[in-house]
Amino acid sequence: MMKNMVKHSWKAAVAGLLAASLAACASGGGSKPAASGTAAPSKEPAATQAASKYPEKPLSIVAPSGAGGGWDLTARAIAKTLGDTKLVDKPITVENKPGGGGTVFMAEYSTKDVKDNYKLFVSSPPILINNLKKEGNTPYGYKDTTPLAQLTKDFGAIAVPANSKYNDLKSLLNDLKADPTKLTIAGGSAPGSMDHLVSILPAFKFGVDPKKIKYVSYDGGGEAMTALLGGNADVLGTDASSLDQYLKAGKIKVLAVAAPQRLGGSMKDVPTMKEQGVDAEFLIWRGIFGPKEMSADAKKYWEDTLKKLSDSDAWKKELQANNWESDFKKGDDFKTYLGQQETLIKDMLTALGMQK
């Protein structure tokens, strides 16, 4: 069951597009014509008129982690593209709010910012995993937000320092199998969260007890990479795209990607886990969310704007520069997909003994 579940659990759900329309209210009979030289009163409902005014002030996009990881890179790419393309004419700042692999931010956002239409955030599978895992879990998840759009997909990867003796995944896993405590594996998220699952999934499929693996969590991919390069960790499990600059600089070796086929760009010569005899895949979607009680006009504005962003040439350049793949889902379709992923992740955590 685990084999089939892992094989299929990270496939993207069918994307759809449901266009929302706002109908103008017809005026009642017997209304008097406007006086000469006076503009006729608007026939649109107040909600429609208000929608045209959003946004009226600066906005922020939160990366619930430190600098340098996938969330941070995604938030900054979105803000940059929205500004460069003039799709949004108000200033957009990116805020880093680290803590607990996103759980600290979610606790605040889901209780204090439930109506703040001007604060969005980016997330990925941890918004589901942190809500479902046994240890260090949070009561807050995607149902405490308004999903606006999925924008990209990425895949897990295993990396080591450039001077590591390991040149392939199998040799690493053989040593882990002989002694699971021999190596320190770093990740930019809490135990039981995304980087942890990326790290232990291939070992689990190779017959290693995941509970015996020495995993050390850091607050964001940037800190985890610093630990790897500084000699405080032997291995790093994270998203492939965040490794690009370090691979190009010759600072690391990427032993495997958890993708169905090889990736492009700097990763074109990196074999998949399946190529090395380990039947594991880990798809990492990334999306953008608003507050749970987001107004209808703000929700519609962002759904429409993010679709335009996804279609823009500027965004396609960002995808290529970051080794991301486009995987757009709008609003309600994204929410449906999250419900499907919730079930699949629950199955994975149960198989790994981590489901609450």
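**Backbone and packing**

Modeller: Just after helix 8, Gly231 takes a positive phi of about 85 degrees. Helices (H or I, at least four residues) and strands (E, at least two) are DSSP runs, numbered from the N terminus. This is a predicted model, in which residues are numbered from 1 along each chain as its sequence is written, and side-chain values use heavy atoms, with hydrogens and water left out. Local features need pLDDT of at least 70, side-chain atom pairs count only at pLDDT 80 or more, and totals for chains, interfaces and linings use all residues.

Biologist: Which residues of helix 8 are buried?

Modeller: In helix 8 (residues 221-229), the buried residues are Gly221, Gly222, Ala224, Met225, Ala227 and Leu228. Buried means under 20% relative accessible area, exposed over 50% and partly exposed in between, with a 1.4 Å probe and protein chains only.

Biologist: What do those buried residues of helix 8 pack against?

Modeller: They pack against strand 4 (145-161), strand 5 (184-187), strand 7 (235-239), helix 9 (244-248) and strand 8. Contact means heavy atoms within 4.5 Å.

Biologist: And the whole chain: how many helices and strands are there?

Modeller: There are twelve helices and ten strands. The chain has 356 residues, of which 54% count as buried. Of its contacts with a separation of 6 or more, 79% are between residues 24 or more positions apart.

Biologist: Which residue other than glycine has a positive phi?

Modeller: Lys86 has one, with phi near 65 degrees. Lys86 lies in the loop between helix 3 and strand 2 (92-96).

Biologist: Is Lys86 buried or exposed?

Modeller: Lys86 is exposed, because its relative accessible area is 68%. As for peptide bonds, a cis bond joins Tyr54 and Pro55, with omega at about 0 degrees. Pro55 belongs to the loop between helix 2 (46-51) and strand 1 (59-63).

Biologist: Why comment on either case?

Modeller: Most residues other than glycine have a negative phi, and most peptide bonds are trans.

Biologist: On to helix pairs. At what angle do helix 3 and helix 10 cross?

Modeller: The axes of helix 3 (residues 70-84) and helix 10 (residues 296-311) cross at roughly 90 degrees and come within 11 Å. This makes helix 3 roughly perpendicular to helix 10. Axes are lines fitted to C-alpha atoms, for helices over the stretch in contact, and angles run from 0 to 180 degrees between N-to-C directions. Angles under 35 degrees count as roughly parallel, over 145 as roughly antiparallel, 65 to 115 as roughly perpendicular and the rest as oblique.

Biologist: Which residues meet there, helix 3 to helix 10?

Modeller: From helix 3, Ile78, Thr81 and Leu82 meet Trp302, Thr305 and Leu309 of helix 10. The residues of this contact divide into four nonpolar, two polar and no charged. Here Ala, Val, Leu, Ile, Met, Phe, Trp, Tyr, Cys and Pro count as nonpolar, Asp, Glu, Lys and Arg as charged, and the others, Gly among them, as polar.

Biologist: How do helix 3 and helix 11 cross?

Modeller: The axes of helix 3 and helix 11 (residues 313-322) come within 9 Å and cross at roughly 155 degrees. The two helices are therefore roughly antiparallel to each other. On the helix 3 side the contact is made by Ala77, Ile78, Lys80 and Thr81, and on the helix 11 side by Ala314, Trp315 and Glu318. These residues divide into four nonpolar, one polar and two charged.

Biologist: What else is Ser124 in contact with?

Modeller: Leaving aside neighbours within four places in sequence, the contacts of Ser124 include Met194, Ile284, Trp285 and Arg286.

Biologist: And Asp113, where is that?

Modeller: Asp113 is in the loop between helix 4 (103-112) and strand 3 (119-123). Asp113 counts as buried because its relative accessibility is 10%. Its side chain makes a polar contact of 3.3 Å with the side chain of Lys119. The C-alpha atoms of Asp113 and Glu293 are separated by 8.9 Å, although the two residues are 180 residues apart along the chain.

Conventions:
Polar contact = N/O pair within 3.5 Å; in protein donor to acceptor, adjacent residues only side chain to side chain.
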